[in-house]
Amino acid sequence: MPITQSEVIKLAKLARLSIKPEALPKLASDLDKVIGYVTKLQTIAATKSISESSESVRLRPDEIESFADMPSLIKAAPEHEGDMICTPPIFSKRL
Amino acid sequence: MNLTKLTIDQLQAGYVDKKFTVTEVVNEYLSAINKYDDKLKAFLTVTPESALAKAAELDRKLAANTKPSGLFGIPASIKDVINTKGVRTTAGSKALAHFVPAYNATVVDKILASGAVILGKNNCDEFAMGASNENSGFYPVANPWDLSRVPGGSSGGSAAAVAAGECLFAIGTDTGGSIRQPAGFCGVVGLKPTYGRVSRFGLIAMTSSLDQAGPITRTVTEAAQVMQIIAGIDSKDATSSHQPVADYLVNLKGSIKNLKIGVPKEFFAEGLDKYVGQAIRQAIDELTSLGADVVSVSLPSLPYALEAYYIINPSEVSANMARFDGLRFGDQIKAENLLETYQNTRGELLGEEVKKRIMLGTYMLSAGYYDAYYKLACRARSYITQEINKVLSEVEVLVTPTSPTTAFPLGDRTQDPLAMYLADIYTVPANIAGLPAISIPGGFVDDLPVGLQFIGRPFAEDTLLRLSYAYEQTKPWYKQSPNLD
């Protein structure tokens, strides 16, 4: 199903992007071309044995480990207080 | 004597013999940048003050009889997606036009500790998304061999700078071919290491499961010399490997007699330029005459690697790019409320290709499409990896063209995303499978360089370098350089 301009608007909203109305036709066309191209991958799934059991992502065991190099990460920050990194304020007092 | 033509070994021998100083060498490279970069646009930031200060420090060490080793006194440049402490790092994006990192990437720390002198930051496609360098948020880079053509991408500025003698080596990044394809287009050597061989700490992430940093140099020996410095485990990068680092120089000059090399027939099918194909076949004949055992192999799933790539890539891009919202990182365009601030900042400061990939990733990861795209692509990635590794258990190296064509004209593919994406078709499989791969000069077609690619087993960078060196000795294409005067 082709990507429509209204779908582009929806995607842009989800992705927190403002898109100029004049850019919509080209974006819709480009996204549609790429989606159409990568959809061909479903051919390989149909013709090759990419089974449900095929490993999709190789993950290491989910184990808690202590991080050995914390001091150098903290030191790399422009400002820190003890083990805490100082960041600029996000909201002004006015807000 | 033109100091920018000398190799690492020749420069360091010259320092010992007091033929010239590091400061003189650095000044000559800075002059080359001043002379040529108006035409090439290979640099986004040049750092003459810090470069000359480092050169003076190294000259004092030489005066105190320090013997140069590693990258001592070697002028380098860094792709602008790699963090450099105190030096503007834009990722080729207007969104980061004023971003100055608080720390160095590990790869930068390593080359600095080894004595390299950083001359500046190289232009690149925005956030490394592109195959022509035309997606730079600032200006496109020109190919030193023909200024009307692209240098490739995304490390196009880095490859152009090395080819033009604006630096001796560059550090680039390769997610789908971004070191090798521009190296091929510009007639230099580009090595993408095995995933995990070089630390990614301090790289501005594009596709975290595929990104790797690596060297771009004029000769194979120099690629080995730089690789020796940057390879190795890093506690700051959980994906860096514990695998011991090989000595890339000790066996560099070894024989390739009986080395089993596979030629995947799928790489020589439709889409490959006839004359590029002929140049690569001549190179393969040369390998045979050097004693390599060249056989035909088949990798039927290879054509699907690009499709899997263009699902995995935008999916990870959409996640990685979320941080560039004008609050956490980058410049900000203020609006009435927080949501509009996000939207306007990202909408106005990010380029078209970046926005396109963010939206593609958003689409492919959405609840209704996740299984049909991202999950399927991950499975295909496993399948393709297994297929390549099976073939690589029978042969040690695969030989292919780096790209289907030579460098194409600026503007030729900007209106057609698929035509641009197809420029990566021969380089993407090595990223998908996490394998090391190298592009070396493999001849010329119509006075434009042709890239010859070798893909190896995991962590077999030493084999790739040995094979590349053997070919380079019989076909020293690197001795030809572009005329920019």
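Is C378(B) buried or exposed, and at what relative accessibility? In this predicted model, C378(B) has 4% relative accessibility and therefore counts as buried, the limit being under 20%. The legends below take up the interface of the chains and then several sites in chain B.

**Figure 1. The interface of chain B and chain A, seen by contacts and buried area.** The contact set consists of 46 residues of chain B and 43 residues of chain A. Between them the two chains bury about 4200 Å², and carbon and sulfur atoms account for 70% of this area. Of the area that chain B buries against chain A, 17% is supplied by E307(B), M359(B) and R379(B), more than by any other three residues. The size of an interface is often expressed in this way, as the accessible area lost when the parts come together.

Figure 2. Two salt bridges are found by the rule across the interface of chain B and chain A. One of the salt bridges pairs D416(B) with K33(A), and their closest N and O atoms are 3.9 Å apart. On the side of chain B that touches chain A, two or more residues come from each of α9 (305-320), α10 (338-349), α11 (352-364), α12 (371-391) and α13 (417-421) of chain B. The largest share, ten residues, belongs to α12(B). Sorted by class, this side of chain B comprises 29 nonpolar, eight polar and nine charged residues.

Figure 3. A disulfide is a covalent bond between the sulfur atoms of two cysteines. C124(B) is accordingly in no disulfide, and the nearest cysteine sulfur, which belongs to C167(B), is 14 Å away. Because its relative accessibility is 0%, C124(B) counts as buried.

Figure 4. Strand β10 of chain B spans residues 437-445 and includes P441(B). With a relative accessible area of 10%, P441(B) is buried. Residues up to four places away in sequence aside, P441(B) touches G187(B), V188(B), V189(B), V450(B), Y471(B) and W477(B). From P441(B) to T21(B) the C-alpha to C-alpha separation is 31 Å in space, and the two are 420 residues apart in sequence.

**Figure 5. N104(B) and its polar contacts.** N104(B) is located in the loop between β2 (75-79) and α4 (106-113) of chain B. Its relative accessibility is 15%, so N104(B) counts as buried. A polar atom of the N104(B) side chain lies 2.6 Å from the backbone nitrogen of K85(B). The side chain of N104(B) also makes a polar contact of 3.0 Å with the side chain of D109(B). Neighbours within four places in sequence aside, the residues in contact with N104(B) are N83(B), T84(B), K85(B), D109(B), L112(B) and F201(B).

**Figure 6. N2(B) in the segment before α1.** N2(B) belongs to the segment that precedes α1 (8-16) of chain B. N2(B) counts as partly exposed, at 38% relative accessibility. A polar contact of 2.7 Å links the side chain of N2(B) to the side chain of T4(B). N2(B) and L119(B), 117 residues apart in sequence, are 18 Å apart in space, C-alpha to C-alpha.

Figure 7. Most residues other than glycine have a negative phi, and most peptide bonds are trans. K41(B) has a positive phi, near 60°, and lies in the loop between α2 (22-40) and β1 (43-46) of chain B. K41(B) is partly exposed, with a relative accessible area of 30%. For D447(B) phi is also positive, near 65°. D447(B) is placed in the loop between β10 and β11 (448-456) of chain B, and at a relative accessible area of 64% D447(B) is exposed. The peptide bond joining G153(B) and S154(B) is cis, with omega about 10°. S154(B) lies in the loop between β3 (117-122) and α5 (156-163) of chain B.

Key. Residues numbered from 1 in each chain as written. Chains lettered and ligands numbered in written order. Predicted model: local features only at pLDDT ≥ 70, side-chain atom pairs only at ≥ 80, totals over all residues. Heavy atoms only, no water. Contact = heavy atoms within 4.5 Å. Buried area = accessible area lost by both parts, 1.4 Å probe. Salt bridge = Lys/Arg side-chain N within 4 Å of Asp/Glu carboxyl O. Helix = DSSP H or I, 4+ residues; strand = E, 2+ residues; numbered from the N terminus. Nonpolar A, V, L, I, M, F, W, Y, C, P; charged D, E, K, R; others polar. Disulfide = S-S within 2.5 Å. Buried < 20%, exposed > 50% of the residue type's maximum accessible area, 1.4 Å probe, protein only. Polar contact = N/O pair within 3.5 Å; in protein donor to acceptor, adjacent residues only side chain to side chain.
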